[in-house]
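Hi,

Here's the model I said I'd pass along. Have a look at it first, and my notes come after.

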Amino acid sequence: MAKILLIEDDTEITALLERYLGQYGMEVVSYTHPESALASLGIESYDAVLLDLTLPQIDGLEVCRRLRERSDIPIIISSARHDLSDKVIALEYGADDYLPKPYEPRELVARIQSHLRRYAGTVTRQSSRFSVDAARMRIDKEGEPLSLTVAEYELLALLIKHKGEVVSRDFIANNVDAIGWESMERSIDVLIGRIRRKIETDPKHPAFIHSVRGVGYKFTE
């Protein structure tokens with residue numbers, strides 16, 4: 001589930017977006033005051049920011065600049081201000097997109113999803129011992145590259161991304177394209193076994209990938 005930071009002072013729009021984006025698997029964390037939203041960046045991890053420009057305390061353009069200084073996640077401006085200079089400054093400050101209000105909510109969803117895919121393709125995800133370079137489809141363990149098939153890479157990268165969470169077999173099947181549907185459960189178990197042999201000191205007593213009976217797997221360190 002993607003976590004979206006929404007900075008918006010209109011409570012009706014906030015309520016609408018929380019409901020609508022939730023239908024597309026997005027968790028919305030909303031703030032009216034930009035200072036509180038900026039402070040949350042040091043506590044919460046977000047996948048994208050949806051930012052209004054007309055805000056209390058600080059103008060949205062300044063919030064955009066500060067956001068970009070702290071993070072490289074996608075920033076999408078959603079504003080009723082249609083002045084070309086606002087759009088230019090927002091892009092110069094690091095915004096990834098500018099969607100004038102009013103807009104169709106479905107278009108907003110499509111733009112968010114597009115930026116999430118693009119961002120996921122360039123980000124390097126890390127755990128304390130593993131790093132995932134999505135652009136090169138490479139996973140290193142303690143600085144050394146692992147020799148993985150495409151399916152092994154996709155599955156291990158998914159588990160690392162959801163480190164500490166129980167990941168169900170259905171979720172794996174829906175998010176690892178290289179797994180065949182006809183023998184889904186067996187394919188997943190076989191892949192897990194192969195990955196364990198490549199990353200575990202003792203595959204029979206795994207330190208990283210743990211089985212959760214009747215559900216799926218959990219990656220921990």
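Predicted model: local features only at pLDDT ≥ 70, side-chain atom pairs only at ≥ 80, totals over all residues.

Below is what turned up, from the whole chain down to single residues.

**The chain overall**

You'll find 8 helices and 12 strands in the chain. The C-alpha trace spans about 60 × 35 × 25 Å along its principal axes. Of the 221 residues, 43% are buried. The exposed surface comes to about 11,800 Å², with carbon and sulfur atoms supplying 48% of that area.

On contacts: if you take those with a sequence separation of 6 or more, 54% are between residues 24 or more positions apart. As for charge, there are 29 positive and 36 negative side chains, and the centres of the two sets sit 7 Å apart.

**The phenylalanine cluster**

I'd start with the aromatics. Searching the whole structure gives 4 aromatic pairs. One of them is Phe130 with Phe208: the ring centres are 5.1 Å apart and the planes meet at 85°, which is over the 60 degrees needed, so this pair is edge-to-face. Phe130 belongs to strand 7 (residues 130–133), while Phe208 is in the loop between helix 8 (184–199) and strand 11 (209–212), so the pair ties together parts that are 78 residues apart in sequence.

Phe130 also pairs with Phe219, and that pair is edge-to-face too, at 5.6 Å centre to centre with 80° between the planes. Here strand 7, which holds Phe130, is linked to strand 12 (residues 216–219), which holds Phe219; the two residues are 89 positions apart.

Put together, ring pairs join Phe130, Phe208 and Phe219 into a cluster. Phe130 has a relative accessibility of 1%, and so it counts as buried. Phe219 is at 1% as well, so Phe219 is buried too.

**Helix 6**

Next, helix 6, which covers residues 150–161. Its 12 residues reach 16 Å from the first C-alpha to the last, close to the 16 Å expected at 1.5 Å a residue. How much of this helix is covered? Mostly: 9 of the 12 residues are buried. Among them are Ala151, Tyr153, several leucines including Leu155 and Leu156, and Ile160. Glu152 is on the buried list as well, in case you want to look at a charged residue there.

A few backbone spots are worth a look in your viewer. As background, most residues other than glycine have a negative phi, and most peptide bonds are trans.

- Lys101 and Pro102 are joined by a cis peptide bond, with omega at about -5°. Pro102 is in the loop between strand 5 (97–100) and helix 5 (105–120).
- Met137 isn't a glycine, yet its phi is positive, at about 50°. Met137 sits in the loop between strand 7 and strand 8 (138–141). Its relative accessibility is 44%, so Met137 counts as partly exposed.
- Glu142 is another non-glycine residue with a positive phi, near 50°. The loop between strand 8 and strand 9 (144–145) is where Glu142 is found. With 54% relative accessibility, Glu142 counts as exposed.

That's the lot from me.

Cheers

Definitions and conventions
Residues numbered from 1 in each chain as written. Heavy atoms only, no water. Phe/Tyr/Trp six-rings, centres within 6.5 Å; stacked < 30°, edge-to-face > 60°. Helix = DSSP H or I, 4+ residues; strand = E, 2+ residues; numbered from the N terminus. Buried < 20%, exposed > 50% of the residue type's maximum accessible area, 1.4 Å probe, protein only. Expected span 1.5 Å × (residues − 1). Contact = heavy atoms within 4.5 Å. Areas by Shrake-Rupley, 256 points an atom, 1.4 Å probe, with all protein chains shown as cover. Charge placed at Lys NZ, Arg CZ, Asp CG, Glu CD.
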